[in-house]
Amino acid sequence: MIPAPFEYAAADSAEHALELLAKFGDEAKLLAGGHSLLPMMKLRLAYPSALIDIGRVGELAGVRADGDELVIGATTCHADVAGSDLVRSQAPLLAHSAAQVGDPQIRHRGTIGGSLAHADPAADLPMALVALGGSVEITGPGGTRIVAADDFFTGFLETSLEPGELLSAVRVPRRPGVGWGYQKFVRRANDWAIVGVAAIDGRIALANMGPVPIRARAAEQALADGASPAEAAGLAAEDTRPSEDIHADRTYRQHLARVLTRRALEHQAG
Amino acid sequence: MSILGTRVLRTEDPGFLTTGGVYTDDVVDERLAGACHVFFVRSPVAHARIRSVDVSAALRAPGVVAAFTGADLADLPLLAPPMPGMINERMSQPVLARDVVRFVGEQVAVVVTEDPYQGEDAAELVDADYDVLPPVLDLAEAASGESGVLFPEAGTNVAASFGDAAGLQADLFDGCDVVVTRTIVNQRVAPAPMETRAAAAAWGEDGRLTAWLPNQGAQGTRDALADMLGIEPAGIRVITPDVGGAFGAKFGADPEHAVVCWVARQLGRPARWAETRNENLVAMTHGRAQRQTVTIGGGRDGTVAAYRLEIVQDAGAYARFGAFLPALTILMAPGPYAFARAEAVAKTVVTNTTPVGAYRGAGRPEATAAVERAIDLFAAEIGMDPADVRRKNLLPKFTEPHTTAFGAVYDSGDYAAALETALAAAGYPGLRAQQVKRRAAGDVVQLGIGMSCYVEITGPGMEAGGPRENATVEVHPDGSATILTGTSPHGQGHATVWAMLASDELGIPVDKITVKWGDTDLIPEGGGTGGSRSLQQGGAAVRQASRELIDVARQRAADELEASPADLVFDTGRSAFAVAGDPEASVPLPKLAEEEQLVVRTVFIAPGPTFPFGAHVAVVEVDTETGKAVLRRMVTVDDAGTVINPLLAEGQRHGGIAQGAAQAFLEEFIYDADGNPLTASFADYPFLSATEVPSFELAHMATPTSYNPLGAKGIGEAGTIGSTPAVQNAIIDALAHLGVRHIDMPASPQRVWLALRSAPGAPVFSSTGAASNGSRDA
Amino acid sequence: MQVQLTVNGQARSDEVEPRLLLVHYLRQRCGLRAANVGCDTTSCGACTVLLNGRSVKSCTMLTVQAAGQEVTTAEGLAADGQLHPVQQAFRQEHGLQCGFCTPGMVMAAVGLLAENPHPTEAEVREGLEGNFCRCTGYHNIVRAVLAAADATAAEVNP
């Protein structure tokens, strides 16, 4: 219910955060909104030795346009992503996804960078980023590198972030006016998705159908080959081995993936 | 104009809204200065022999004052089951597990620290070693004992039996054209009040214990603590802070409360405890947990001739109040129906799960859920509208008490009117017409209409001496008044309503009347709040005490005015006695308190329990592709006789309806095959939130009882009892045209989808997952 | 370590452990016990307060994260002994029974109305999805928030 003890330092810049990460070592973790990390620490599922607070590093928050992409600072909270005029007009799927996370209080604290770094396959933003074909900017002692969403999520709660690195920004393609679909199947409004689907521009990403957010590649291929949404959706669960839990067994999850994919393709906004 | 029956705003609210209620964990008291903090270490396994519990590392952790295991408390008595003689006493619960743990979450040790944060740190260092035993989880296996026995000295897992199993008649259903039987589940749920359990204990120099803890009746709590600590009740003062919800699970005392008190005595300093939500979900008693076999038979004209209910109650690991619940289920088995023949039997078995206790309705929702399911199963079998089957079988209106074959004496009832009122308010024919349209069109989203008729027992008189409650009313010279009540509100608004009742008699404004409860030194006797007893017994007592006070005051007024008591009139408008015909010759009530205390204590004795009743209609939409059911409307009649404060009565109905609906489609406490709880947090346990229920439509009906001068029955649990089966029936009804006859609760999306897949008229799920049923293209 | 923040308009400076949760800081160090702890998983919202005017769950914040910022609790809502319109509406509509969820519910409602002054019933229910209540069935809570919205609108546009 309360975390084990840890050390704490507040960073005043991204560079300072990297220095602190180096100083405190591999068992240190970055803290932005803390709404993925602190719940784990409170349940004593995570025991970082130190927390480096980047929550008040101004340069890491905010939304701006950069050519044909939007660049969203990693510590931008979900409410601000959802409410940003830029994101709503240029990448509305992302704004919608951010508005689905948890509840209003969680959206006032949880950040896009934190959510992506936590990499819960049932979460909204990892799925949205994969559907959008976005990427993350990772800043480390050696500089900044970009990793595509398709490559960023490497395993259950695992990403290509190396120790000592900081997810500094998220990049998404600007696609104003392009139709998109989003389906999140839950029993209660603020639950994680039992199954989620985000679809835009021929890309279909699924949440909670595997250890990472996955692309429904067979369905995408069918669409590209001219299949109707209904036909393509029939392949949405191809090659998936979703886990089973109290809400859904494998067969039901796969069934939901097909139904929700069809709905995401047929009921498009924008 | 009487204040009774009007929507008086609660006097409690300003405090709650500004500085917040003062719950046990909020209590600041000089007697608790320097308190240490207790943290429980709990078993991670469902069934095991404890080889050892090593607290040495914990003792060395920062801030640790002490650590104790079951061996340290071994001479404390066990928590005996309630209803002595009815329930196997060998299934009693130790305050800390000694040799055996019997459910995941059972407390095995405590660490005591200076600061609350240190407790969790230290608890991680306690090293408990277990020899794991196979868990007994399946009810049939528990009953037969084939997979093990929890209490070897008992030689059985059967904790209790009710009804006459040997006396079941083989020919009960002879002559029935149609007989339907089904085994259904009334699933285990977690009461989950928003305030978890807590305790604060301090022993005085005089050797007396003062204990603060959330409860539903300080007197019963005092007695339970006394039993567990092996001391006399007179040696304990229980003080009840604000209580953040209880729903039946905060009656009496739990082992943890006794341990906290013991720690305080052992260490010679005050001790405090506040449990986490995880602890609350695994170690506070659970609710319901019955497996029921219903058999119903009758004619194709809809008349039910016979009904049988066979219950297996899961008591959990220790026999607590849950073991007794089926007795109440049996008592109410036939509900509001005039079945020619009915039988019910039950047995309670222990399993390696959280002990089961009372939860809003406590045995009666289970009865209603069973018979309402049975009625719908019967209706489906004969192809008749379930409303018509109910109409055919409801007991006709009665105003004189009616005794059922199960020995329940229903005081007054008009069940048919309740049903018609609910159906009319719901617009039933229109709903059925909509349903026909959607079925014909093969809509993906189908409409379901479900209903229930219920009657339930309130104020059952489980307290010592039978149904009764005491009240003390005192008028002070400054014009204010104080009421002492033996009830124990935790959200029901007694401070306001008891003040209203006294105000109506005394003419003193509500905001000048203070109501006190929950301090056993101030109020040594009382039945607490539960079983929906408070207004009909406690409220009646307040009114009675107020009237008796007026009688006492009349004598004094007569002396004061030098008149005969018979010539005096009490004018509540002025709160004064006056000589009849001479209003100037008067004396105000408070003046009569100046020379001598003006106070009356009385006991209201009820002739028996009362039986509120009602009917609920639920409207759901079911997505036949995903299986998800959404509750769109809840229309209810909940007739609990005279309504003293409609605002508060509606609130009780709302809360009950929501909890009952939640059981039908959302909540369930689940274990895996090893007895590990899978829903031990609010992230996993699907606690109802605001987005899953609509606003409720409450229709008004008030059939008074003759059992108390208020004409009031109990409203607190009625909403829960009616709503569960109405919602369950609605979800099944949405799919009835496809041949679905039953879906167990909770009707989760997966359960609904599985029912659809195996239904005879099931839609064909194409590779796209889209449903079609032959009559149209997907 | 030292932390400085403003609570209900009062500047404070306290020595705290990094792991001291904001809710416990408010309850134990500031004596502001209206916010309650109702769960372990950031689910129930009984701990909701405002941080710089936005609703947050104080059980999932470290006190040190609030450094330099403004926290408002239920105790800080009423001014000059007058109930805040949301508090008044909760009373009027019987939006509380046991009261345990109430301070958090009220703060969530204040935060909701600050962002959406004229919500529909559906928006109110969604806006309160992070606040659990076991007593009221939410019916009167929703009425209270809608009434508060009306009352505030009436004040602004009398």
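**Salt bridges and the shape of chain B**

Hi everyone, let's begin with a contact: A:R44 pairs with B:D121 in a salt bridge, and their closest N and O atoms sit 2.6 Å apart. This one crosses between chains, running from the loop between α2 (37-42) and β3 (50-53) of chain A to helix α3 (residues 116-123) of chain B. Are the two partners, A:R44 and B:D121, buried or exposed? Both A:R44 and B:D121 are buried. Please keep in mind that this is a predicted model.

As a reminder, side chains of opposite charge can pair when their charged atoms come close. Over all chains, the count comes to 74 salt bridges.

Now let's stay within chain B. The side chains of B:R188 and B:D314 form a salt bridge, at 3.1 Å from N to O. Which parts of the chain does this pair link? B:R188 belongs to strand β8 (residues 178-189) and B:D314 to strand β14 (residues 304-316), so distant parts of chain B, 126 residues apart, are linked. Here too, both B:R188 and B:D314 are buried.

My next example joins two helices. B:E505 and B:R543 make a salt bridge whose closest N and O atoms are 3.8 Å apart. Because B:E505 lies in helix α13 (residues 494-506) and B:R543 in helix α14 (residues 534-561), the pair ties together parts of chain B that are 38 residues apart in sequence. With buried meaning under 20% relative accessible area, B:E505 counts as buried at 13%, and B:R543 is buried at 15%.

There is also a network to look at on the screen. Salt bridges with shared partners join B:R42, B:R197, B:D254, B:E256, B:E275, B:E279 and B:R320 into one network.

Let's step back to chain B as a whole. What does its secondary structure hold? Chain B has 17 helices and 30 strands. Its C-alpha atoms fill a box of roughly 90 × 75 × 50 Å along the principal axes. For 778 residues, a compact globule would have a radius of gyration near 28 Å, and chain B agrees, with 28 Å.

How much of chain B is buried? Buried residues make up 64% of its 778 residues. Of the contacts in chain B between residues at least 6 apart in sequence, 78% join residues at least 24 apart.

Finally, the surface and the charges. Chain B exposes about 25100 Å², with carbon and sulfur atoms supplying 51% of that area. The chain carries 59 positive and 94 negative side chains, and the centres of these two sets lie 5 Å apart.

Notes. Residues are numbered from 1 along each chain as its sequence is written. Chains are lettered from A and ligands numbered from 1 in the order in which they are written. This is a predicted model: local features need pLDDT of at least 70, side-chain atom pairs count only at pLDDT 80 or more; totals for chains, interfaces and linings use all residues. Side-chain values use heavy atoms; hydrogens and water are left out. A salt bridge is a side-chain nitrogen of Lys or Arg within 4 Å of a carboxyl oxygen of Asp or Glu. Helices (H or I, at least four residues) and strands (E, at least two) are DSSP runs, numbered from the N terminus. Buried means under 20% relative accessible area, exposed over 50%, partly exposed in between (1.4 Å probe, protein chains only). The radius of gyration is taken over C-alpha atoms; the globule rule is 2.2 Å times the number of residues to the power 0.38. Contact means heavy atoms within 4.5 Å. Accessible areas come from the Shrake-Rupley method with a 1.4 Å probe; for residues, only the protein chains shown count as cover. Lys and Arg count as positive and Asp and Glu as negative; His and the chain ends are not counted. The place of a charge is taken as NZ of Lys, CZ of Arg, CG of Asp or CD of Glu.
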